[in-house]
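Please read the following points alongside the model.

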Amino acid sequence: MKKIFTLSILALMPLLAMADDQKGTCGENLTWTYTESTKTLTIAGTGMMNDYSMEA
């Protein structure tokens with residue numbers, strides 16, 4: 001039973017590693033992806049980005 005459990009966990013590890021990506025949109029034709037493991041934000045696409053302003 002322990003072998004099956006350990007093998008199952010090892011088989012799922014690559015899927016868990018990919019699960020740290022967060023994705024969304026930031027414009028009509030723009031998407032963003034943040035990868036936690038590398039601390040990388042990628043913005044892709046064309047056009048105007050939405051205006052996100054913060055007021056104090």
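**Notes on the strands and their surroundings**

1. A hairpin joins β1 to β2 through two residues. Strand β1 (residues 21–27) pairs with β2 in the antiparallel sense over six bridges, where pairing requires that DSSP finds at least two bridges between two strands, and strands are DSSP runs (E, at least two residues) numbered from the N terminus.

2. The model is predicted, so local features need pLDDT of at least 70 and side-chain atom pairs count only at pLDDT 80 or more, whereas totals for chains, interfaces and linings use all residues. Residues are numbered from 1 along each chain as its sequence is written, and side-chain values use heavy atoms, with hydrogens and water left out.

3. Thr35 belongs to strand β2 (residues 30–35) and is the bridge partner of Asp21. Thr35 counts as buried because its relative accessibility is 19% (buried means under 20% relative accessible area, exposed over 50%, partly exposed in between, with a 1.4 Å probe and protein chains only). Leaving aside residues up to four places away in sequence, Thr35 touches Asp20, Asp21 and Thr40, a contact being heavy atoms within 4.5 Å.

4. Lys39, in the loop between β2 and β3, has a positive phi of about 55° although it is not a glycine. Lys39 is exposed, with a relative accessible area of 55%.

5. Ile43 lies in strand β3 (residues 40–45) and is partly exposed, at 44% relative accessible area.

Conventions: Helices (H or I, at least four residues) and strands (E, at least two) are DSSP runs, numbered from the N terminus.
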